[in-house]
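Here is a short briefing to read alongside the structure.

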Number of protein chains: 2
Amino acid sequence: MTQLTDSTTRPATPADDAAAASAADIAPATGEVNLPLAIDVAALGEQLLGQWAYARKHARELMTRPEFQRDPDLGKDAHRERVLGQLHKLVEAGSVHRAFPKSVGGDEDNGGNIASFEELVLGDPSMQIKAGVQWGLFAAAIQHLGTDEHHAKWLPDALDMTTPGAFAMTETGHGSDVAAAGTTATYDEATDEWVIHTPFRAAWKDYLGNAALHAKAAVVFAQLITRGVNHGVHAIYVPIRDENGDFLPGIGGEDDGLKGGLNGIDNGRLHFTNVRVPRTNLLNRYGSVDENGVYSSPIESPGRRFFTMLGTLVQGRISLDGACTVASKLALTIAIRYGTERRQFAGGEGEEVVLMDYQRHQRRLLPRLAQTYAMSFAHEVFLEKFDAVFSGRDDTDESRQDLETLAAALKPLSTWAALDIIQEAREACGGQGFLAENRLVQMRADLDVYATFEGDNNVLLQLVAKRLLTDYSKKFAKADAGALAGYVADQVGDRAFNKSGLRRLAQNVADFGSTARSVGYVRDTESQRQLLTDRVETMVAELAGRLRGASKMGKREAAELFNRHQNELIEAARAHGELLQWEAFTEALDHVEHAGTKTVLTWLRDLFGFTLIEKNLAWYLMHGRLSAHRAQAITDYIDGRLLPRLRPHARSLTDAFLLEDAHIRAEIATGVEAQRQEEAAAHYAELRSRGLTPIDEKDLLAGKKSRR
Amino acid sequence: MTQLTDSTTRPATPADDAAAASAADIAPATGEVNLPLAIDVAALGEQLLGQWAYARKHARELMTRPEFQRDPDLGKDAHRERVLGQLHKLVEAGSVHRAFPKSVGGDEDNGGNIASFEELVLGDPSMQIKAGVQWGLFAAAIQHLGTDEHHAKWLPDALDMTTPGAFAMTETGHGSDVAAAGTTATYDEATDEWVIHTPFRAAWKDYLGNAALHAKAAVVFAQLITRGVNHGVHAIYVPIRDENGDFLPGIGGEDDGLKGGLNGIDNGRLHFTNVRVPRTNLLNRYGSVDENGVYSSPIESPGRRFFTMLGTLVQGRISLDGACTVASKLALTIAIRYGTERRQFAGGEGEEVVLMDYQRHQRRLLPRLAQTYAMSFAHEVFLEKFDAVFSGRDDTDESRQDLETLAAALKPLSTWAALDIIQEAREACGGQGFLAENRLVQMRADLDVYATFEGDNNVLLQLVAKRLLTDYSKKFAKADAGALAGYVADQVGDRAFNKSGLRRLAQNVADFGSTARSVGYVRDTESQRQLLTDRVETMVAELAGRLRGASKMGKREAAELFNRHQNELIEAARAHGELLQWEAFTEALDHVEHAGTKTVLTWLRDLFGFTLIEKNLAWYLMHGRLSAHRAQAITDYIDGRLLPRLRPHARSLTDAFLLEDAHIRAEIATGVEAQRQEEAAAHYAELRSRGLTPIDEKDLLAGKKSRR
């Protein structure tokens, strides 16, 4: 074990778990009294709930009611009916109007709306996503892409579920590349109508929630053609079913059928055969056509216009980031509650060992707990940014672009993380984790698609990388050579400009930062920040260098050059997103007042930072940022210090998620395992007290041998 | 891009996929004619089917029949009934007797039995695992733990499903630690009977396939107590339900209900209240009790006896390794077929790019394809070892222990790999991947539990690590100091013996192996072997050093010392398993005769080896086995050489799995995507030919600007 000097003054001692008493053993012998260290669960819980705690609490209160909870035994059809009913109940509960204009009875509370929506995942992810389709996509498209007239005409019925609606953007042939959609909306001057048409099978709208059964209308995204010109993809309000639920003339569709999860949603396909709607059904905030078929738009560039329209829908990505954070909190609460009760295999003194006392179990769950805290704090920053933009407080092109980049960076990280966290939680609970009654498997199945819908994760990360490169090239254009030299010259110089071969940093391994300090130097906040930030900046600088020639190349060569670095682009974007999460976690520490909480949370933040560095250790070694000596110290510090210190607080750190039993609803998280063990122990104790314990054959043999 | 000299003479050129033509661009300019390179799919396919091809083909033929295929829309209860019916059909098809004694109509063909069983996963994993419960656990326990008398009495009915049975080993309170089971079987001399009893809730048998509904009997594992002595866990045949399907007196149970997958199996719980069965119901091959209650066993040591009994059930782990390999083949076939047809986003020349031509897509799928090949070849070696032991050809204590270690090493790797591979395949297919009609989500859900049943993966890897440490200490005891110095002295000397701190290898970075060679040296087989082998040996040596004091410590201290290195133990075991897979893949190359196949398969093996090294690059850097220069070259070689070379062969390499359409049964793997694109392209071509293509607003703007 590497010897590290501790900078924190309070050594860990067991908090609420007698089984963790051995944690005190690892406290450094500082001579200080080992004061019991506790965290202020209630205060930390409030901090985690964040600025929109009132909205989260309201939604959580609803989710304690059985009517909003998933019934795992329902088949697809019954599940769909139940979820439809739940949407009506959400309307009754006043849970759906928050984001909408006051003119239609809303609160114009964007942050609160998303916060509330995220918590619905505790009831049933199907209900959450169907609600997201209805209010976050269908109604929100009317709100953000339409005008006051459209709001007055369609929003009230959309809000109260009189008109269940579909958001008809994705096609079978085009998902990530919406701009290439095949559906057309052609203006017919003779009748002052749009003709909506699906010209081939690949242009069928697909995967649309509400489309298979319940939608009465759809916001249809189509190539807008008038007077022989295609103005690109625009959104049009199209009624699709009559009052009996039958398709209107020219409209047809299919059920997407059973899915990997979210089977409470009736996803389906739609196609249009010369379907006519009035010209005024075009949601024309960003593009209008007059009765002569003349197109006009407040945004001249078709490209910028398209991205502005899509940008109004960023809340989908934001809410997935938040929902995945909530689901991760739930999964870890279940696994850590069980892990602090369940015992398996006798330890050194014969008593069976609690799972959470195994190093491996700590390694599996505690870094994921740290990650969940990072996701939670980062999400709050994200939501604040969103609320500032959408409330108009800070609504500029730049802040909208920043928000979209943030969404593209955080949504992939948290949706992947949730799958990883729920899966590890499920495996950590063994066979129990596989039972539906313990909820982990169904939660994972439902959240699976979060990684590829609302923007495929790999595609989103490339958007982030492109933004990072753009920012870099701006900086590069402005900065003087000296300022840049500090972090990019080495990389770009050796590597990309002349392509003469690899840099030879290994021969020159030097610790990055202040070399005078001891091996423990990476433990402090500034060192972690420096290592994480430097990695992002260096990766971007290296990429910029490698892609430098692209602007002077032909299109094909440039595309090939980009493609040869696609994997690196994505890795750089990921590193950027992780840095954002780390920064948010670090900033949150400043707002903690309780000393014990601050100490424990700082360890948890260190665990998050160290785990990120450890994951990319090869990079730090190859780039001469860490010596092998210090690199090894990082793993040793995680295993030898951070995990044992955090172990006694694992339960409290999940208690701070403030999830009630009615939210958790997992049999193994109810204390039943501890009861079973007490019953077993009492049985064996009684046998012993009555002298009825059989002799173990092993002891008998040992006895025989010793008598020989 | 690092410049590497190629040792292979045949550069890659596109095989069957025009879209991959650009792959030829990366071929080194050797001046050679770029001959088209193809693989012999049929021959490679036969090689992959292996020694028991006849059994695999028979099972695969059955799996083309709809009656053996999963109906994804069935709910739990209907699915259970269907699967029960499928088991009867497997009996009729003569697919279940292979492993059993000729005395009961079997073939005594152990390898063929497992090979055949593994392919059932193509029909429905629920059918596979329920068949595994019936014949691989229940009947196999009678076979391996019972005597000829037991065989004659119970096997025929077990084999033909007259007696569906449960394998009652796991309890709610004890899964991985079977030896600590709570159920007791106490001999009553007065009546010459065993009294089976469940003393508390934690001792209920749990998760048992067949137990909730169909089982008529169970092999119950219980602490065997006679004359006041507990002889440890033994297996007893216990009838549990009468002809009406009602529990016999003293027996009760519960349904485990819905699970994350495998819902065609009726898993359940059983408990026993002083249930009496005749003394002769003890499956007494390894432990008998006479009518006076006197216990005897051919194996004196209770510990060795217990592990011998459990060892007879190793085939469960083996078959999971094989089943996961088959499922991975299926998943990659689906994703790669779709990935070579699906297009998204326009490339450099306007035409949309095939997904498989994106570097990231290659990075996601091709290393997993390499891994699947490694798993397949390693499984064949594994199965040969198993067959040799169970046929009696090589049945020694040592070979049985080797087999168990192999099982404990490979089962975790392949069960985790299958989940990872299926998930990546599902995400690589986007929204299509989430639809049940494309099978990936249901396959993943069903295979989820493979990671924690038949031995929890983390527990199994610790068994492997213990074996590695034992072997190491034997070697260490025998070897002279000089022989060991070569690979362990550095580690053990600096690190563990004196605990004075970390080694300072970083100051002394030197390439491992022959330093005289160029940067490309790791490409050859021996270098890969050296790097992979050295890592395992060094990790084990380091661990041995760190754990050295344990034997002299108190039990508690020793347990704590082990626990502090638990994560490293598991990592060492994983490295060992990966080396075994690499070795098997490498050995398989020797049996390839076709030159093209050999070249492509060697690239694929290199990709497997390089990916393993890349994953552990930090280790190689910190231990001075690779310089930063060479470490970077590994990633560059994967991205710049191996992926583009393998890309044109991706489809052929999955064709060699010889899965028929009736096995694949995924809509997106039928060519439908290519048809849809052809239809769309024809539509746009027709518009162009008729002059009906609308002008793009962007082009219009560009035109206006240029006219200004």
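In chain A, three strands make up an open sheet in the order 4-8-7, paired in the antiparallel sense. Strand 4 (205–208) and strand 7 (251–255) of chain A are at its edges with a single partner strand each, so each has one side without a neighbour in the sheet. Please keep in mind that this is a predicted model.

**The sheet in chain A**

- From one strand to the next, the twist averages 25°.
- Strand 4 of chain A is joined to strand 8 (residues 268–272) of chain A by two bridges, and the two run antiparallel.
- To find this pairing on screen, look for Lys205(A), which stands opposite Leu270(A) in strand 8 of chain A.
- As background, strands of a sheet pair through backbone hydrogen bonds, in either a parallel or an antiparallel way.

**The sheet in chain B**

- Chain B has an open sheet of three strands in the order 4-8-7, with antiparallel pairing.
- Its edges are strand 4 (205–208) and strand 7 (251–255) of chain B; each has a single partner strand, so one side of each is left without a neighbour in the sheet.
- Ignoring direction, neighbouring strands of this sheet are turned by 25° against each other on average.
- Two bridges hold the antiparallel pairing of strand 4 of chain B with strand 8 (residues 268–272) of chain B.
- Within strand 8 of chain B, Gly268(B) is the residue opposite Leu208(B).

**Where chain A meets chain B**

- How many residues of chain A are in contact with chain B? On chain A there are 114, and they touch 114 residues of chain B.
- Which three residues supply more than any other three of the area that chain A buries against chain B? They are Arg360(A), Phe434(A) and Glu697(A), which supply 8% of that area.
- Between them, the two chains bury about 9600 Å², with 54% of it on carbon and sulfur atoms.
- There are 60 residue pairs in polar contact across the interface of chain A and chain B, both residues being at pLDDT 80 or more.
- On the side of chain A that touches chain B, the residues divide into 43 nonpolar, 32 polar and 39 charged.

**Salt bridges**

- Side chains of opposite charge can pair when their charged atoms come close.
- Over all chains, a search of the whole structure finds 94 salt bridges.
- Between chain A and chain B, the count is eight salt bridges.
- Arg426(B) makes a salt bridge with Asp448(A), and their closest N and O atoms are 3.0 Å apart.
- Within chain A, the side chains of Lys130(A) and Asp266(A) form a salt bridge at 2.6 Å, N to O.
- Lys130(A) is in helix 5 (residues 125–145) of chain A and Asp266(A) is in the loop between strand 7 and strand 8 of chain A, so this pair ties together parts 136 residues apart in sequence.

Conventions:
Residues are numbered from 1 along each chain as its sequence is written. Chains are lettered from A and ligands numbered from 1 in the order in which they are written. This is a predicted model: local features need pLDDT of at least 70, side-chain atom pairs count only at pLDDT 80 or more; totals for chains, interfaces and linings use all residues. Side-chain values use heavy atoms; hydrogens and water are left out. Contact means heavy atoms within 4.5 Å. Buried area is the accessible area (1.4 Å probe) that two parts lose on being put together, summed over both. A salt bridge is a side-chain nitrogen of Lys or Arg within 4 Å of a carboxyl oxygen of Asp or Glu. A polar contact is a pair of N or O atoms within 3.5 Å; within protein, one must be able to donate a hydrogen and the other to accept it, and residues adjacent in sequence count only if both atoms are side-chain atoms. Ala, Val, Leu, Ile, Met, Phe, Trp, Tyr, Cys and Pro count as nonpolar, Asp, Glu, Lys and Arg as charged, and the others, Gly among them, as polar. Two strands pair if DSSP finds at least two bridges between them. Helices (H or I, at least four residues) and strands (E, at least two) are DSSP runs, numbered from the N terminus. Axes are lines fitted to C-alpha atoms, for helices over the stretch in contact, and angles run from 0 to 180 degrees between N-to-C directions.
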